[in-house]
Amino acid sequence: MTTRIYIPTRGRIGMSRQVTLREFKAYSTHIPTIVCPPDEVKAHLAYAPRVLGCPAKGIGPTRQWILNNSSADIIILADDDMRFSYRPNPSITKLEKCEALDPMIKLIEWCVGQGFIHGGVGARQGNNRKDCHTRRHGVIEAGHLFQDCERVNNFHFLDRAKVLAAGARFDALPVMEDFHFSLTLITQGLPNRVIHDYVWNQEGSGAVGGCSLYRTPQVQAEGADGLHAAFPKFVKVVTKVSKDTCPSWREFKERKDVIVYWMKAWEASQCQS
């Protein structure tokens with residue numbers, strides 16, 4: 001079984017701007033592949049040993065291009081600005097800097113072996129709430145902390161062949177495409193699994209490059225409305241106002257967003273099976 005790590009990137013040339021690549025170079029034996037626009041390939045090759053030019057534009061179509069074109073059994077899709085931490089004790093919320101990423105990759109391979117064809121690693125933000133108080137606050141299994149059937153964003157792992165067979169796509173919407181992808185699988189009775197004793201942290205939404213190059217209020221609204229149209233029973237469209245101190249969404253403080261009822265979607269899939 002082969003596992004490959006892909007880092008989609010756009011407009012962030014230079015080792016100083018490739019945080020995830022630096023993390024893997026320092027703390028892993030795995031060599032990620034940078035996936036970038038064709039006109040950026042040469043510049044990335046100055047410091048990255050594996051670079052692919054991708055004709056698709058936008059994070060969703062780029063992820064779909066990787067899914068369609070990779071030959072690996074398991075593919076990992078990681079944003080380009082991630083740093084990693086972990087819990088030495090999965091039942092205690094204290095996090096420490098992760099200086100060994102290979103065990104995280106082995107854990108992902110184990111999850112796929114357990115039948116989870118899609119999943120991810122959770123964000124550092126909110127990790128303190130994964131205290132195992134209820135099943136929706138994390139469950140310890142095989143010495144690790146997981147939560148099933150919830151949001152997966154920024155860091156995905158996939159059983160490539162089975163995901164393709166299920167028909168889930170990352171390019172169904174201009175934004176919120178990862179929600180659409182997850183709900184497509186969950187509503188078919190295919191749960192995801194999110195690892196929470198490893199976490200990622202990043203600079204924050206709106207940093208130069210990446211999605212900030214094409215995300216606008218109109219695109220955001222199209223994503224929210226499109227997600228609701230595809231899954232009306234499990235998605236509610238709302239208006240959110242960002243705090244003045246938040247660097248995210250700096251071009252539009254008020255935006256359309258969604259509330260997704262992940263467990264409701266999963267429970268509905270079980271009634272149909």
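**Strands, helices and cysteines**

Reader: Hi! Which residue in β10 is the bridge partner of G119?

Author: In β10, G119 has F157 as its bridge partner. Keep in mind that this is a predicted model.

Reader: Noted, thanks. In what sense do β7 and β10 pair, and over how many bridges?

Author: Strand β7 (residues 118–123) and strand β10 (residues 155–159) are antiparallel, with three bridges between them. On β11 (residues 193–202), β7 has a parallel partner, joined to it by five bridges. There, G120 sits opposite V194.

Reader: Nice. How many of the residues in β7 are buried?

Author: Five of its six residues are buried, so the strand is mostly covered.

Reader: Switching to helices: how do α6 and α8 cross?

Author: The axes of α6 (residues 177–186) and α8 (residues 262–272) cross at roughly 30° and come within 9 Å. The two helices are therefore roughly parallel to each other.

Reader: And which residues make the contact?

Author: From α6 there are F179, S182, L183 and I186, and from α8 W262, A265, W266 and S269. By class, that gives six nonpolar residues, two polar ones and no charged ones.

Reader: What about C132: how far is its sulfur from the closest one?

Author: The distance is 15 Å, to the sulfur of C111, so again too far for a bond. C132 is partly exposed, with 29% relative accessible area.

Technical notes
Residues numbered from 1 in each chain as written. Predicted model: local features only at pLDDT ≥ 70, side-chain atom pairs only at ≥ 80, totals over all residues. Heavy atoms only, no water. Axes fitted to C-alpha atoms, helices over the stretch in contact; angles between N-to-C directions. Helix = DSSP H or I, 4+ residues; strand = E, 2+ residues; numbered from the N terminus. Parallel < 35°, antiparallel > 145°, perpendicular 65-115°, else oblique. Contact = heavy atoms within 4.5 Å. Nonpolar A, V, L, I, M, F, W, Y, C, P; charged D, E, K, R; others polar. Disulfide = S-S within 2.5 Å. Buried < 20%, exposed > 50% of the residue type's maximum accessible area, 1.4 Å probe, protein only. Pairing = 2+ DSSP bridges.
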